[in-house]
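My notes are below the display.

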Amino acid sequence: MSAPSLLDQLPGLGDQARRLHAPVRLALLALTVLVSLLLFASTPLQGRVDFVVFVVIAFALVQTGVSFALEGRRHALDRLVSLLVHLALLAAVVPLVSVLSYTVYKGLKKLDGQFLTHNLTGLGPLDTNGGEYHAIIGTLEQVLMATAIAVPLGLLVAIYITEYGKGWLAAAVRFVIDVMTGIPSIVAGLFVFAFWVIGLHRGYSGLAAAFSLTILMLPVVVRSSEEMIKLVPAELREASYALGLPKWKTILRIVLPTASAGITTGTMLAVARVTGETAPLLLTSFITPATNTSPIAGKQTAIPTFIFSQIGLGRPANYDRAWAAALTLIIIVLVLYISARLLTRRNTLTRR
Amino acid sequence: MSKRIVAEDVNAFYGSFRAIAGVSLTIEPNTVTALIGPSGCGKSTFLRTINRLHEVIPGARVEGKVMLDSEDLYGAGVDAVAVRRTIGMVFQRPNPFPTMSIYDNVAAGLRLNGIKNSKVLDEAVERSLRGANLWNEVKERLAKPGAGLSGGQQQRLCIARAIAVEPQVLLMDEPCSALDPISTLAIEDLMTDLKQRYTIVIVTHNMQQAARVSDRTGFFSLEATGEPGRLIEIDTTEKIFSNPSEKRTEDYITGRFG
Amino acid sequence: MTASTERPPPDLSGGGLGATRRVGDRVFAALTTGAGVLVLALIVAIGAFLLTKAIPAVQKDSTNFFTTKLWQPDNDPSVFGIAALVFGTLLSSIIALVVAGPIAIGIALYISDYAPRRLATPIGYLVDLLAAVPSVVYGLWGLLFLAPHSDKFQQFLSDHFGFIPLFDLGKNGVVGRSMMIASLVLAIMILPIVAAISREIFLQVPQANREAALALGATKLEMIRLAVLPYSKSGVVGALMLGLGRALGETIAVALVLSLSYSTSFHIIDANVGGNTIAANIASQYQAAEPLGQRALIASGLVLFVITFAVNALARYVVTRSGKRAAAV
């Protein structure tokens, strides 16, 4: 009679009663905090951060121990991993909150109308005024130019890959887009620096910066557009063909409008990403204290390079400017980013 | 405006796989012809050779002749795009364009073929929606998205979209298989109206439907999986369902096969 | 008679069914093909151009380009090599990956299996926000907030774990803008991408597999080990490698946080030892570089490109082979 004896070895339903319920776990946590407080009051242990770390480690040990004794090894391990997973989330949220709140806290000190409407010309190293007007102009012009090049080009390439590409040429174009995806931003800047700025003797300019940003944007635009175009159901194309529409009109009037919300999201994320790029701009548009409204000639500061150069100068006033500009940059990027995400909700296409 | 279709020895391929072989048949104007048969027998594929939609699938090709009155649709110099404008199609699942309103869906074919006069469009939209028995239900909300309609309404919207370009033939690929019985009935009634003006070919899995709506019925079948589908016989619907010439047809109709 | 998708140009005189519209199709096809060819040609041209700049520079190097640690290309004789740079690039990226990897996988599991359904998507967006913060802001934060606030932590590591070479502060060691802090900033920066891709992969495991495991009486952890991880192992490896690729190429945060030097030391908390990466070296050297120096930097940039390309290609291969769809990166 082996079957009944096997059943006897398995836990019965009654064992469920011996579970570590939420109120018990809360009590354990309270107890851990209390004991830790006593320890921090009476021993050399000190510091707020230390306290939190201490409590977390202690609670992990206590809960695992109690669970092991009460519920057995399986549940103890399960609870430990569950705790670790939650801590992992905390490990991401803490730096995010820290970066954002510290930037807001430091940046608000200097970010005002004066800062937004002045550049850095005519200032001595000890002056604390001046602003990022010229950098805002630079960022706007460079990002707009890059978008104006990368979006139409990227869209055409995406259409080529999904709708027309055949054979080795399509494979080669796909490969190049894949390669571009992995180009580090500094290398993109170096390309343009070597090829355009010094190679063709064009010098630093906003246009050169836009070229380097285009290299970074293009693969993102192509990839996201490609993915969205592929999601347009074949039935819609067939319905369009069945109405007697040629392929190009089907693509322009049916496929692209259907995919447009997704394509716009992808494009805005790409724009948000390049708006924060610093490294390629250092090598292509460089830095100047003056406002340069010409997008095609002469050095032009952008917000990221403004921050970088201010940090390099290293005086408190410079740091203040850097924080204020960092706040501006974060606001711009986050607005782009969040509106792109909100737009995703309007997306009628979903992956199956 | 309704025309006769004559298929002569039509073979359709997906890459090297032959999906249908040697189909020859005649479809008379102003009739409803139903194509029935077991799954995978090539009836939908054959339907898609009539408006040259088969060839948009990569690797797919067609051999043989399909005549629309005296013109060979696969003749040299014939543009597939023009063929599809002449021959309308309604699909298995309703597929209105999701980014367009009801009005725009119906007007899509005309607009994209270059008609911009809003008066002409208004008239055509109303005429087509009336033709598809949908006008009364949607006339108050022409600007609303077509995707907001019920499944049966969406399918009638697709019929309106197809007839708006004034085709000579209307192909229907299992148009009711995704619909409830009441919507199905509405579409079947509509077919009887539409055949006054169009030649209609309908693929259906539903033999009762074929018996209800069609004048002539063609039976497709295949010897075995992997073999091409063939037209076994085509005759008046009455004859097919009461006294078919082929044993295989009878087996299928009476439920002994498929 | 054959009818294929590609028909000969239509005859305009063909009457009723004669084609008149294929002109538009041909123009549009030519336009998109042209765009593809343009991008292809441009990238090939740039690559070839850079090689013609880099190779002569390496030939003028009086020492071995791959084993030399110094970077003095404009000296006479020219002395430069990428040994220290590659060392620093790999060390910082690997530390970043070791730190970020488990955390990112934990976050991905949280979103796919632990979070309440309503919270999962918003929390995913929140973690993605980490990717939206520009690298120069991370650099600023790392330099002015994280580094000064980590002195105690780094001192603690040195005091209690100094016997491990990594945490050895040595005699003249100073905590501060160390390799470890730079790597931690990198870890934060690559966290969202690894988390996002792993999350996609975990979410693709069919719910039925999870339910099958739970129906056997598995705990959540056992269910994950039984039903989730076996299906997503290679996808997660790919995600980690894409994160590594991102870390390898990061410039500004490292250039700002790390005290730059050409060392190859494993003493990662010693700010006196510091370190350097290929990317940071380009950002800090290009301005003062003379023609040969510029070309030397181009050569180093190509090396960086080759490394990141290899890592990314391998990652993509692993991700696609696992049959999972990687989010566009």
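The entries go chain by chain, then to one helix pair and one interface.

**Ground rules.** I am working with a predicted model, where local features need pLDDT of at least 70, side-chain atom pairs count only at pLDDT 80 or more, and totals for chains, interfaces and linings use all residues. Residues are numbered from 1 along each chain as its sequence is written, and chains are lettered from A and ligands numbered from 1 in the order in which they are written.

**Chain A, fold.** I looked up the secondary structure (DSSP runs numbered from the N terminus: helices are H or I of at least four residues, strands are E of at least two). Chain A has 14 helices and zero strands. Its radius of gyration is 29 Å, well over the 20 Å from the globule rule for 352 residues, so chain A is more spread out than a compact globule. That radius is taken over C-alpha atoms, and the rule is 2.2 Å times the number of residues to the power 0.38. The C-alpha trace of chain A spans about 85 × 70 × 35 Å along its principal axes.

**Chain A, burial.** I find 48% of the 352 residues of chain A buried. Buried means 20 or more other C-beta atoms within 10 Å of the residue's own, exposed means 12 or fewer, and partly exposed lies in between, with C-beta atoms placed from the backbone.

**A helix pair.** I checked helix 6 (residues 133-164) of chain A against helix 9 (residues 206-231) of chain A. Their axes come within 6 Å and cross at roughly 35 degrees. The axes are lines fitted to C-alpha atoms over the stretch in contact, with angles from 0 to 180 degrees between N-to-C directions. The residues of this contact divide into 20 nonpolar, seven polar and three charged. Nonpolar covers Ala, Val, Leu, Ile, Met, Phe, Trp, Tyr, Cys and Pro; charged covers Asp, Glu, Lys and Arg; the others, Gly among them, are polar.

**Chain C.** I count eleven helices and three strands in chain C. From the N terminus, the elements of chain C run β-α-β-β-α-α-α-α-α-α-α-α-α-α. Of its 329 residues, 51% count as buried.

**A against C.** The contact takes 74 residues from chain A and 69 residues from chain C. Contact means C-beta atoms, placed from the backbone, within 7 Å. Helix 4 (residues 73-107) of chain A gives the largest share of chain A's side, 19 residues. By class, that side has 54 nonpolar, twelve polar and eight charged residues.

Technical notes. Two residues are in contact if their C-beta atoms, placed from the backbone, lie within 7 Å.
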